[in-house]
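Subject: Handover of a structure and summary of findings

Dear colleague,

Please find the structure below, together with its sequence.

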Amino acid sequence: MTHDGDDTGDLPGSPPSSAHEAHGPAGAASSNAPDDVAAWRAQRTEAAAHQANELERRRAQESAQAAALLREFVAEAGRRGIAPVPLQARSYAGDATYRTRTLGWYLRKNRTLAVGTDASFYILSVQGGLSARLKGATLVPSDPPLVLGKGGRDGESISLADAIELVLERG
């Protein structure tokens, strides 16, 4: 091992011998760190926006497919003579039911989801209250999913096509 005699710490593992070496390439990189962080944040923001757009595109595509299934169901129910019934909605707490002015068919036995005669998809939960008790609840159509109860507990999800088939079989 050679030693140049200046004892400035040139041994392996010792600190650099000059201020220039201490602020060499690593120091230069750290001065650009805010730019690197900003670029990384911009890249992550762009990636997140792209992912959100892609999820929305897929959701809209699935909703369009589900809407087509609902239109076919309403037509088939009419051909088979399966009469629609007045739909009832439940309060969010589930402790009260409210009549509605909407006719349709329940898609689940627990009567939480339905399709109206206009092929609109309804989630049968409403705010409720005195006005709904007196005048009836107003249902607002939702975008239909291809899978009912998706993300729920085991055994609670069913494809929209299968739910429709069960309604047609029950007549």
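This is a predicted model: local features need pLDDT of at least 70, side-chain atom pairs count only at pLDDT 80 or more; totals for chains, interfaces and linings use all residues.

The mean pLDDT over the chain is 84, and 80% of the residues reach at least 70. Confidence is lowest in helix H1, residues 19-22, where the mean is 44, and highest in E3, where it is 97. Throughout residues 13-30 the pLDDT is below 50, and this stretch makes ten contacts in the model beyond near neighbours in sequence.

Two figures describe the chain as a whole. Of its 171 residues, 25% are buried.

The interior

In soluble globular proteins, nonpolar side chains tend to be buried together. The largest nonpolar core in this model has 18 residues, and the members that touch the most others are Phe73, Trp105 and Leu107. Helix H3 (33-80), strand E3 (113-116) and helix H5 (160-170) are the elements that each give two or more residues to this core. There is also a second, separate core of twelve residues, with Tyr98, Ala114, Leu124 and Leu139 among them.

The contact between H3 and H5

How do the axes of H3 and H5 lie relative to each other? They come within 11 Å and cross at roughly 10°. Since angles under 35 degrees count as roughly parallel, the two helices H3 and H5 are therefore described as roughly parallel to each other. From H3, the residues that take part in the contact are Ala66, Leu69, Leu70, Phe73, Glu76, Ala77 and Arg80. Their counterparts in H5 are Leu160, Ala161, Ile164, Val167, Leu168 and Glu169. By type, the residues of this contact comprise ten nonpolar, no polar and three charged. Phe73 belongs to this contact and is also one of the residues that touch the most other members of the largest core.

Residues in strand E2

Threonine 102 is located in E2, which spans residues 97-106. Its relative accessible area is 17%, and the cut-off for buried is under 20%, so threonine 102 is buried. Apart from residues up to four places away in sequence, threonine 102 touches Val85, Pro86, Leu87, Tyr122 and Leu139. Of these, Leu139 is also included in the second core.

Tryptophan 105 is likewise found in strand E2. Its relative accessible area is 7%, and tryptophan 105 is buried. Between tryptophan 105 and glycine 116 there are 6.5 Å from C-alpha to C-alpha, while in sequence they are eleven residues apart.

Residues in the loops

With a relative accessibility of 46%, arginine 111 counts as partly exposed.

Alanine 119, in the loop between E3 and strand E4 (121-123), has a positive phi of about 70° and is not a glycine either. Alanine 119 is buried, at a relative accessible area of 16%.

Valine 140 is placed in the loop between helix H4 (130-135) and strand E6 (147-148). Is valine 140 buried or exposed? Its relative accessible area is 60%, and valine 140 is exposed. Neighbours within four places in sequence aside, valine 140 is in contact with Phe121 and Tyr122. Valine 140 and tyrosine 122 are 18 residues apart in sequence, and their C-alpha atoms are 6.7 Å apart in space. Tyr122 is also among the residues that threonine 102 touches.

With kind regards

Note on methods
Residues are numbered from 1 along each chain as its sequence is written. Side-chain values use heavy atoms; hydrogens and water are left out. A nonpolar core is a set of buried Ala, Val, Leu, Ile, Met, Phe, Trp, Tyr and Cys residues joined through side-chain atoms within 4.5 Å. Buried means under 20% relative accessible area, exposed over 50%, partly exposed in between (1.4 Å probe, protein chains only). Helices (H or I, at least four residues) and strands (E, at least two) are DSSP runs, numbered from the N terminus. Axes are lines fitted to C-alpha atoms, for helices over the stretch in contact, and angles run from 0 to 180 degrees between N-to-C directions. Angles under 35 degrees count as roughly parallel, over 145 as roughly antiparallel, 65 to 115 as roughly perpendicular and the rest as oblique. Contact means heavy atoms within 4.5 Å. Ala, Val, Leu, Ile, Met, Phe, Trp, Tyr, Cys and Pro count as nonpolar, Asp, Glu, Lys and Arg as charged, and the others, Gly among them, as polar. pLDDT is the predictor's confidence in each residue, from 0 to 100.
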